[in-house]
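Visitor: I am new to this structure. Please show it to me, and then let us go through some questions.

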Amino acid sequence: MPDLRARMARGEMLAGTFVKTPAVEMVEVLARSGLDFLCLDAEHAPFDRARLDSCLAVARALDFPILVRVPSSLPQDILQALDAGATGVVVPHVTDAATAAAVAKAARFGRGGRGFAGSTRWAGFATRSMSEVLAQSERETIVIAQIEDVEAVEAAAAIAATPGIDALFLGPADLSVAYGHANQSSDDLMRAVETVGRAAQEHGKTYVTFTPDVAKAAEWQAHGFTMFFVGSEHAWMLQGARAVAQGIHDLDAGT
């Protein structure tokens with residue numbers, strides 16, 4: 001599998017998207033698109049454990065990096081995603097260093113951390129040695145902390161300094177709402193972008209964000225972002241369908 005964690009650490013420009021439709025076919029199609037990763041959105045989309053498991057199975061079979069945005073920072077949510085084969089987790093509402101440390105521990109094997117089971121997909125269903133599984137996990141598992149609360153911006157440096165946190169994901173929509181705005185163009189948001197960016201840079205963590213399109217990603221690249229979650233398959237389907245519908249309707253105008 002392409003080493004997504006190493007590519008993040010090297011600062012490569014990486015493109016992925018959120019998957020909102022809990023269907024294996026969606027993963028199978030998008031894995032052939034040229035994207036660098038996918039992220040199953042188990043926070044805001046209807047992924048139950050069975051459908052999450054199926055989508056992760058397809059991604060592992062295709063040798064394609066796949067993340068899961070877990071519904072919470074609870075250890076069981078993180079454990080289930082990783083055991084089922086996720087390359088890493090995106091954890092919402094990491095607001096302070098203590099939460100970041102708890103999240104990192106829940107995703108890593110070791111004292112007080114992730115429980116080990118050799119019968120999981122991640123462990124090869126009892127076909128791989130413990131030492132091999134532990135080494136792969138240390139090398140590949142990714143933990144991304146979402147910075148989407150005012151408190152998280154204030155604690156960004158401490159969160160970035162937390163061992164086991166690989167990246168900071170600035171959520172522009174949630175942060176805008178948290179600051180009391182109904183748009184994503186406020187000075188408050190841009191100050192947060194700069195604050196979190198400095199924290200990521202100073203502590204050698206990948207800086208991640210969501211953008212609706214490539215144009216916005218190009219604009220925000222200057223702030224230090226190197227990993228972009230661009231839209232979702234829902235947004236892309238709508239864009240394509242609207243373009244076709246408008247094109248056909250325009251034919252009528254020309255007759």
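Guide: Buried means under 20% relative accessible area, exposed over 50%, and partly exposed in between (1.4 Å probe, protein chains only). Strands (E, at least two residues) and helices (H or I, at least four) are DSSP runs, numbered from the N terminus. This is a predicted model, in which local features need pLDDT of at least 70, side-chain atom pairs count only at pLDDT 80 or more, and totals for chains, interfaces and linings use all residues. Residues are numbered from 1 along each chain as its sequence is written, and side-chain values use heavy atoms, with hydrogens and water left out.

Visitor: In E3, which residue is the bridge partner of Leu-40?

Guide: Strand E2 (residues 37-41) runs parallel to E3, and four bridges join them. Two strands pair if DSSP finds at least two bridges between them. In E3, the partner of Leu-40 is Val-68.

Visitor: In what order do the eight strands close into a barrel?

Guide: The pairing in the barrel is parallel, and the order is E1-E2-E3-E4-E5-E6-E7-E8. From one strand to the next, the twist averages 25°. Strand E1 (residues 14-19) and strand E8 (residues 227-232) also pair in the parallel sense, over four bridges.

Visitor: Ala-167, Phe-169, Leu-168 and Leu-170 in E6: are they buried or exposed?

Guide: In a regular strand the side chains alternate between the two faces of the sheet. From E6, Ala-167 and Phe-169 point one way, and Leu-168 and Leu-170 the other way. E6 pairs in the parallel sense with E5 over four bridges, and with E7 over four bridges. The four residues are all buried.

Visitor: At about what angle does helix H12 run to E8?

Guide: Axes are lines fitted to C-alpha atoms, for helices over the stretch in contact (heavy atoms within 4.5 Å). Angles run from 0 to 180 degrees between N-to-C directions. Helix H12 (residues 233-253) lies across E1 and E8, and its angle to E8 is about 55°.

Visitor: Why does Leu-134 count as partly exposed?

Guide: Leu-134 is in helix H6 (residues 130-140). Leu-134 counts as partly exposed because its relative accessibility is 33%.
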